[in-house]
Amino acid sequence: MGKLSKDSCVGVIGAGTMGSGIAQLAASFGHKVIMYDANTAVLKQASEKLQKSLDGLVQKGKITEVVAKSTIANIHNASSFNEFAQCHLIIEAVIEEINVKQEIFKKLEQIITVDCVLATNTSSLSVTSIAASCSNAQRVVGIHFFNPATIMPLVEIVPGIATDKSVVSESRALIDTWNKTTVIVKDTPGFIVNRVARPFYGEAIRIYEEGIADFATIDWAMKEIGGFKMGPFELMDFIGNDINFKVTETVWTQLFYDNRYKPSLTQKRLYEAGFWGRKKSRGYYSYAEGSIMPEPNKDKVLGEEIFMRIIAMLINEAYDAWYLKIASKGDLDLAMTKGVNYPKGLIKWSEEIGLKKVMNKLLQLHGLYLEDRYRPSLLLQKLAQN
Ligand SMILES: NC(=O)c1ccc[n+]([C@@H]2O[C@H](COP(=O)([O-])OP(=O)(O)OC[C@H]3O[C@@H](n4cnc5c(N)ncnc54)[C@H](O)[C@@H]3O)[C@@H](O)[C@H]2O)c1
C-alpha cells in the first residue's frame, strides 16, 4: 500500500453526525477532504454546521480565522463517487447497515487506485464481513471514532481477518498525527469500549431491578466512591436509551447470547416508551421544566457495596478482553480513560483494589446467583492466585 501522509487526500462517505466531524478533523489537519452523502440536503447541512462550529471556535479564541478558512477550503462536497478516484484513504460513516456499507465498498473498488485504503467507522458490525465484499479485502480496516469525532481523543483501529499489516500501521500513524490516541483492537463485537463498558450499565440496572437501590443512589455511589464523572443512569440518559439499548442488544446477540451481556427489560421498556433520556426530556429521570432530581440515599456501606459490585464486573470484562487478546493491557486501560473518561484504567484500578478482593466479589456473586453472568475470567483467576 502507498504511504499515507499529511498530503493524503481523505474521502468521507456519509455526512451525518460522525462523517461531518471526521471531515472537519481531517481538514483541520491540512488534508484535502472529499465529502459525500446520498442525501444532498444532509451534505448542505453538514457544510452549514461546519461553518457554525468553526465560527464558534474562532470566537472562543481556540483557532484563528486563517485556520477556520483553510479548514473550510479543504473540504469539497462531491456530487458523485467518481471524485473519490483521487483519495488515498476513504472513511465510510454511513448508516449502520451491513449491505449498504458492502455496496459502497464494492462500488468504490471500481473507481479508486490500487493503493487507496478503505476504512469503516462502524461501531458494531464486523470489519471482516464488510471487507469480504471487496475483491481486495487487505486494504479494508476499521477506524472507529467516538462522538464528537473532533473532540473525543480515542480512535479504535480494527484490522479485519484479511487486513494487510501495512494498512493497519499506516492508518494508525496517520490518525496519530490528528492528535488522537489510537488503540489496536481485534475485530470482535463492541471492540474495546462498547464491550468492556457494558457492566457499567447492565449491572447498575440489575442492582435497581433487585430493589437494592434506586437510580439516584446508584449514580451517587459511582460518582462519590468510584470517582466517575457521571453515574450509569445519568450517562444512559445522556447517551440516549435508544442508542445504549441497541448497542447492548447488538453486543449480546453477536456474542452468541452470552448471559454476561444480556440486555435488561427495564431499559427495553424505556426504549419502547420513547423515554430515551435528555433528548426526550424523560428517561430514568425527568428533565421536563421544573423537575426535581431525586435525592440519593447516601449510606456509605450501601454505596461501597454498589460500587464494588459494578467495578468488579467491569474489571472482569477488561481481564477477559486481555485474556482473549482483544487488545493489549495498555490499550485496554487507554481506551477506557480516553474513550469513556473513566477515572482510571480498569486493570490499573484492579491492582489498586487488589485482585483477590475483586475475585472474591465475583465468586460471592457467582455463588449467590448461580449465574454464568458472574463467572470470573480465567486470567483474573490465575493472576489473583499469585
Ligand atoms: N453516532 C455515534 O455516536 C457514532 C459513534 C461512533 C461510530 N458511529 C458509526 O458511524 C456511522 C455513522 O453514524 P452517524 O451517527 O454519523 O449516522 P447519521 O445517521 O448521522 O449519518 C449517516 C449518513 O449516511 C448517509 N447515507 C446513508 N446511506 C448512504 C449511502 N448509500 N451513501 C452515502 N451516504 C449514505 C445518510 O444520508 C446520513 O447522512 C455508523 O456506522 C455508526 O455506527 C456512530
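Let's start with the shell around the ligand. Its residues divide into 12 nonpolar, 9 polar and 2 charged. Keep in mind that this is a predicted model. In total, 23 residues surround the ligand. The closest are G14, G16, M18, A38 and N147.

Which helix gives the most to this shell? That is α1, with 3 residues. Helix α1 covers residues 17-28. Both α1 and α4 supply at least two residues each.

Stay with α4 for a moment. This helix spans residues 98-109, and I98 sits in it. Is I98 buried, exposed or partly exposed? Count the neighbours. There are 14 C-beta neighbours inside 10 Å, so I98 counts as partly exposed. To be buried, a residue needs 20 or more, and to be exposed, 12 or fewer. What does I98 touch, leaving aside residues up to four places away in sequence? The contacts are L125, S129 and I130. Now compare I98 with E210. They are 112 residues apart in sequence. In space, their C-alpha atoms are 37 Å apart.

Next, the sheet. The sheet is open and has 8 strands. Read across, the order is β3-β2-β1-β4-β5-β6-β7-β8. The pairing is mixed. Which strands are at the edges? They are β3, residues 75-77, and β8, residues 181-184. Each of these pairs on one side only. From one strand to the next, the twist averages 25°.

Start with β1 and β2. Strand β1 is residues 10-13, and strand β2 is residues 33-36. They pair in the parallel sense, over 4 bridges. On that pair, V12 stands opposite M35 of β2. Follow the side directions along β1. V10 and V12 point one way, while G11 and I13 point the other way. Buried or exposed? All four of those residues are buried.

Now β6 and β7. Strand β6 is residues 140-145, and strand β7 is residues 154-159. These two run antiparallel, joined by 5 bridges. At one of the bridge positions, F145 has V155 of β7 as its partner.

Between β6 and β7 there is a loop, and P148 is in it. N147 and P148 are joined by a cis peptide bond, with omega about 0°. Most peptide bonds are trans.

Helix α14, residues 329-339, lies across β7 and β8. The helix runs at about 135° to β8.

On to helix packing. Two packed helices are described by the angle between their axes and the distance between the axes. What does α13 pack against?

Another partner of α13 is α9, residues 215-224. Here the axes come within 9 Å and cross at roughly 75°. These two helices are therefore also roughly perpendicular to each other. Helix α9 brings T217, I218, W220, A221, M222 and E224. Helix α13 brings L302, G303, I306, F307 and I310. This contact divides into 8 nonpolar, 2 polar and 1 charged.

Last topic: backbone angles. Most residues other than glycine have a negative phi. K325 is in the loop between α13 and α14. Its phi is near 60°, a positive value. K325 is exposed, because 9 other C-beta atoms lie within 10 Å. L370 lies in the loop between α16 and α17. Its phi is near 55°, also positive. Buried or exposed? With 9 C-beta neighbours inside 10 Å, L370 counts as exposed.

Definitions and conventions. Residues are numbered from 1 along each chain as its sequence is written. This is a predicted model: local features need pLDDT of at least 70, side-chain atom pairs count only at pLDDT 80 or more; totals for chains, interfaces and linings use all residues. Two strands pair if DSSP finds at least two bridges between them. Axes are lines fitted to C-alpha atoms, for helices over the stretch in contact, and angles run from 0 to 180 degrees between N-to-C directions. Two residues are in contact if their C-beta atoms, placed from the backbone, lie within 7 Å. A residue is near a molecule or strand if its C-beta atom, placed from the backbone, lies within 6 Å of it. Ala, Val, Leu, Ile, Met, Phe, Trp, Tyr, Cys and Pro count as nonpolar, Asp, Glu, Lys and Arg as charged, and the others, Gly among them, as polar. Angles under 35 degrees count as roughly parallel, over 145 as roughly antiparallel, 65 to 115 as roughly perpendicular and the rest as oblique.
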